[in-house]
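The report below walks through a model whose sequence and coordinates are shown first. Please keep both in view while reading.

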Amino acid sequence: MTKPRWVAETFVLLTEDAPRTGYTVKRGDDVIVDLYHDAGWTKKEVRTHARLIAAAPDLLVALREFVADVDAVGVEAVGEDWPDLILTYKCAKAALAKGEA
């Protein structure tokens, strides 16, 4: 059985003061996080953050595969043909370390 994907959906929360709008990030019926427009971010920033959080599991898989592919070929071999890729590889490893700490 496959796990449900993470998705970002808009919501409106009715409160006593005023309606609050934002995005909720869910996996199936499980809410991962709610992000509100009135938390100091613009609507566009909230939408971007919610979508980035929803994409995080896929991004993690892609980074792991990228690092594993470069490791399999060898960092030195990759660097000879594409020197800029070494910096990208180092940034990917740092991001993985941060995300998996």
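## Salt bridges

With a relative accessible area of 35%, glutamate 9 is partly exposed, where buried stands for under 20% relative accessible area, exposed for over 50%, and partly exposed for what lies in between (1.4 Å probe, protein chains only). This is a predicted model, in which local features need pLDDT of at least 70 and side-chain atom pairs count only at pLDDT 80 or more, whereas totals for chains, interfaces and linings use all residues. Residues are numbered from 1 along each chain as its sequence is written, and side-chain values use heavy atoms, with hydrogens and water left out.

Side chains of opposite charge can pair when their charged atoms come close. The structure holds three salt bridges, a salt bridge being a side-chain nitrogen of Lys or Arg within 4 Å of a carboxyl oxygen of Asp or Glu. Glutamate 9 forms one of them with lysine 26, and the closest N and O atoms of this pair are 3.8 Å apart. Because lysine 26 lies in strand S2 and glutamate 9 in strand S1, the pair ties together parts that are 17 residues apart in sequence; helices (H or I, at least four residues) and strands (E, at least two) are DSSP runs, numbered from the N terminus. Lysine 26 counts as partly exposed, at 21% relative accessibility.

Arginine 5 and aspartate 58 also meet through their side chains in a salt bridge, at 3.0 Å from N to O. This pair links distant parts of the chain, since arginine 5 is in the segment before S1 and aspartate 58 is in helix H1, 53 residues apart. Arginine 5 is exposed, with a relative accessible area of 58%, while aspartate 58 counts as partly exposed at 41%. In another salt bridge, the side chains of glutamate 100 and arginine 64 meet at 2.7 Å, N to O. Glutamate 100 lies in the segment after H3 and arginine 64 in helix H1, so this pair ties together parts that are 36 residues apart in sequence. Glutamate 100 is partly exposed at 45% relative accessibility, and arginine 64 is partly exposed with a relative accessible area of 42%.

## Helix H1

The end C-alpha atoms of H1 are 43 Å apart, which agrees with the 45 Å that its 31 residues should span at 1.5 Å a residue; the expected span of a helix is 1.5 Å times one less than its number of residues. H1 bends by about 50° at alanine 56, and proline 57 follows within four residues, the bend at a residue being the angle between axes fitted to the seven residues ending there and the seven starting there. Just after H1, glycine 74 takes a positive phi of about 110°.

The buried residues of H1 are Val46, Ala50, Ala54, Val67 and Val70. What covers them includes strands S1 (6-13), S2 (20-27) and S3 (30-36), together with H2 and H3.

Helix H3 (residues 83-99) has 17 residues and reaches 25 Å from its first C-alpha to its last, close to the expected 24 Å. Its buried residues are Leu85, Tyr89, Ala92 and Leu96. They cover an arc of only 65° around the axis, which puts them on the same side of H3; the arc is that of the directions from the helix axis to the C-beta atoms. An α-helix has 3.6 residues a turn, so residues three or four places apart point the same way. The face turned away from the buried side of H3 carries the exposed residues Pro83, Asp84, Leu87, Lys90 and Lys98, and lysine 90 has a relative accessible area of 54%.

The largest nonpolar core is made up of seven residues, Val67, Val70, Val78, Leu85, Tyr89, Ala92 and Leu96; a nonpolar core is a set of buried Ala, Val, Leu, Ile, Met, Phe, Trp, Tyr and Cys residues joined through side-chain atoms within 4.5 Å. H1 and H3 are the elements that give two or more residues to this core, and H3 provides the largest share, four residues. Apart from this core lies another, of six residues, among them Val25, Val46, Ala50 and Ala54.

Leaving aside its neighbours within four places in sequence, leucine 96 is in contact with Leu60, Leu63, Arg64 and Val67, contact meaning heavy atoms within 4.5 Å.
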